Amino acid sequence: MASSVGPEDRAAGARPRLVTRPLLLRFVTVIGSSASFFLLLSVVPAYAQSGPGGSSDKAGLATGVLMSATVVGELTAPWLAARCGYRLMLGAGLLLLGAPALALTMSQSMVWIAAVCCVRGLGFAFTLVAGGALTAPLIPPERRGEGLALIGVMAGVPSLVGLPLGSWLAAHTGYGPVCWVAALIALVSIAAVPGLPGREAVSGPPLGIFAGARSGTLGRPTVVFAVTAVGAGIVVTFLPLAVAPGHSGAVTAALFAQPAAATASRWFAGRHSDRRGAAGLVVPGLVVSASGILVVALTGVPVAVVAGAAVFGVGFGITQSATITLMYSRVPASGYGTVSALWNVAYDAGMGFGAVGFGAVAGFTGYPWAFVLTALLMLTALVPARWDQTAAREQRVTNSEDQAVTAEGQR
């Protein structure tokens, strides 16, 4: 069979092609799931609060049910995928994410809203875990960091646009139209699923999620990323409350700067990982993240709030890219689903626990000192990060010695 690489590519020593037709189809499903999720993320709590007897408790319950269902779905997804395949699970996830949105406005009963949020949370979890497992085999190992970062960009841009757009649409067109838009985006993207590889892309015994969490090779990066995600949950939830009302413009700028910086730094970190490895980025990403939160503690200084949020975003994006790249590199293809589940659970659980814990602490210390304590908490993740570096270094030495013994035996 003729080679698909032309003479000019061989002469230039070209790297393997990154963007292929299956990866483009995967982009469609990433954008569809992310846009559908984030369009309604702030709309559903407002819808719950606007109903009869609406209150902030109802708004919080809507988000709490959504994220709790997402974590449950992420924990169960690898087990389900081992039985039905990742492609079927991705399609089911998009269906569960989109279809219930069509029915959301049928009632403002809290039971109904919670049921819709629960189903959509499970659907979003399935798209994250199954989609992540399907993505890894589509990316050449030599360009894994760059490819995963590109997927992160495809998921990050809809979040940047979807959050404010959803609120704007709800305010100007009502809740019904924005729910229909969110539903159709997810449902239409199902058309891209048949073009993705199915169960045959994964061989070998599956790796259980709890076994993966207990293993140091996956457990340590998971802990580091979860602790970093604590800061993300706090910034999104409490920055508008911590900054004086007269500085609302700074809050808006900070909430845009943080995800924008994270998206950009995730891309550059991915490219760096392909050239020099991802392990060396974990500690710098963690330190930069904590430094950003420490600067945000100056809540009375608008410039510091925006700069701190941006710095945190840079560190968070680096940590995102480095941890997911490391974890995929440490398992066979049969473990990709477990890696995707662990990483996403760390993301969602870190954000959720961070928001809850910060609220309790800030009630005693005030917001500035609560941000300082958060930065110190994040730095405690340097311990597992250093352990991971040491373990990886020892493993490389052991592998080199084994290879030398094997070569000697062959001679």
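User: What should the 30 residues of helix H7 span at 1.5 Å a residue, and how far apart are the end C-alpha atoms?

Analyst: In this predicted model, helices are DSSP runs of H or I with at least four residues, numbered from the N terminus, and H7 covers residues 144-173. The expected span is 1.5 Å times one less than the number of residues, so H7 should span 44 Å, and this agrees with the distance between its end C-alpha atoms, which is 42 Å.

User: Where does H7 bend, and which proline follows within four residues?

Analyst: The bend at a residue is the angle between axes fitted to the seven residues ending there and the seven starting there. For H7 this angle is about 30° at Gly162, and the proline that follows within four residues is Pro164.

User: Which residue just after H7 takes a positive phi?

Analyst: Residues are numbered from 1 along each chain as its sequence is written, while local features need pLDDT of at least 70, side-chain atom pairs count only at pLDDT 80 or more, and totals for chains, interfaces and linings use all residues. Side-chain values use heavy atoms, with hydrogens and water left out. The positive phi just after H7 is about 100°, and the residue is Gly174.

User: Are H2 and H8 roughly parallel or antiparallel?

Analyst: Axes are lines fitted to C-alpha atoms, for helices over the stretch in contact, and angles run from 0 to 180 degrees between N-to-C directions. Helix H2 (residues 21-41) packs with helix H8 (residues 175-188) at about 160°, their axes being 8 Å apart. Angles under 35 degrees count as roughly parallel, over 145 as roughly antiparallel, 65 to 115 as roughly perpendicular and the rest as oblique, so H2 and H8 are roughly antiparallel.

User: How many nonpolar, polar and charged residues does the contact of H5 with H6 have?

Analyst: Helix H5 (residues 86-103) and helix H6 (residues 110-138) cross at roughly 155°, with axes that come within 7 Å, and they are therefore roughly antiparallel. Ala, Val, Leu, Ile, Met, Phe, Trp, Tyr, Cys and Pro count as nonpolar, Asp, Glu, Lys and Arg as charged, and the others, Gly among them, as polar. By these classes the contact of H5 with H6 has 17 nonpolar, four polar and two charged residues.

User: Which residues of H10 and H11 make the contact between these helices?

Analyst: The axes of helix H10 (residues 216-242) and helix H11 (residues 248-276) cross at roughly 170° and come within 10 Å. With contact meaning heavy atoms within 4.5 Å, H10 contributes Val235, Val236, Leu239 and Pro240, and H11 contributes Val251, Ala254, Leu255 and Gln258.

How values were computed:
Helices (H or I, at least four residues) and strands (E, at least two) are DSSP runs, numbered from the N terminus.
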